[in-house]
Amino acid sequence: MTRRLFVLNGPNLNMLGQREPELYGTATLADIRADCERVADEVGFDLFFAQSNAEHELVEWVHEAFRQSATVVVNPAALSFASVPLLDALHMLTTPVVEVHITNIHARDEIHRTSLISTVARAVIAGAGAYGYELAIRTAARLTPPR
């Protein structure tokens with residue numbers, strides 16, 4: 001049986017490649033998805049990849065990850081800093097959660113430095129650009145027991 005992985009992306013990440021390329025780079029979300037599909041296949045994950053600008057959709061996907069006993073890689077984007085509903089949903093998981101950020105949030109302005117989501121993450125990848133997703137999936141693979 002293949003291990004299941006949810007890669008979830010929060011608000012505004014659908015604008016990658018267009019939005020502040022000096023900060024977020026030129027890779028689009030479609031580019032990141034293709035990389036995630038390649039790496040997930042390589043490490044033996046069945047991948048669900050999604051993005052939403054709506055907090056409630058991310059919460060619903062975490063609920064589905066819970067039902068499927070899936071590992072979660074999440075880039076909560078702006079929800080990192082204020083979403084108690086997403087935090088509470090992630091608390092339910094008994095599988096690993098890996099948080100990923102394209103920028104180094106710890107080197108940013110005060111409002112973007114402290115992620116609530118980090119309190120439930122087994123690992124946090126920040127500042128590696130789009131490559132951080134590959135690192136996050138490889139980390140998730142090491143933290144997720146084989147089925």
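Helices α2 (residues 29-43) and α5 (residues 131-143) have axes that come within 9 Å and cross at roughly 25 degrees, the axes being lines fitted to C-alpha atoms, for helices over the stretch in contact, with angles from 0 to 180 degrees between N-to-C directions. That makes α2 roughly parallel to α5, a label for angles under 35 degrees. Helices here are DSSP runs of H or I with at least four residues, strands are E runs of at least two, and both are numbered from the N terminus.

This is a predicted model, where local features need pLDDT of at least 70 and side-chain atom pairs count only at pLDDT 80 or more, while totals for chains, interfaces and linings use all residues. Residues are numbered from 1 along each chain as its sequence is written, and side-chain values use heavy atoms, leaving out hydrogens and water.

On the α2 side, the contact (heavy atoms within 4.5 Å) involves residues including Ile 32, Cys 36 and Val 39, and α5 brings in Tyr 133 and Ile 137, among others. The residues of this contact split into 8 nonpolar, no polar and 4 charged; Ala, Val, Leu, Ile, Met, Phe, Trp, Tyr, Cys and Pro count as nonpolar, Asp, Glu, Lys and Arg as charged, and the others, Gly among them, as polar.

Then there is the sheet: 5 strands, open, ordered β2-β1-β3-β4-β5 with parallel pairing, where a pair takes at least two DSSP bridges. At the edges sit β2 (45-51) and β5 (123-126), each pairing on one side only. Twist averages 15 degrees from one strand to the next. Helix α5 also packs on this sheet, touching β1 (3-9), β2, β3, β4 and β5, and its direction makes about 170 degrees with that of β4.

Conventions
Angles under 35 degrees count as roughly parallel, over 145 as roughly antiparallel, 65 to 115 as roughly perpendicular and the rest as oblique.
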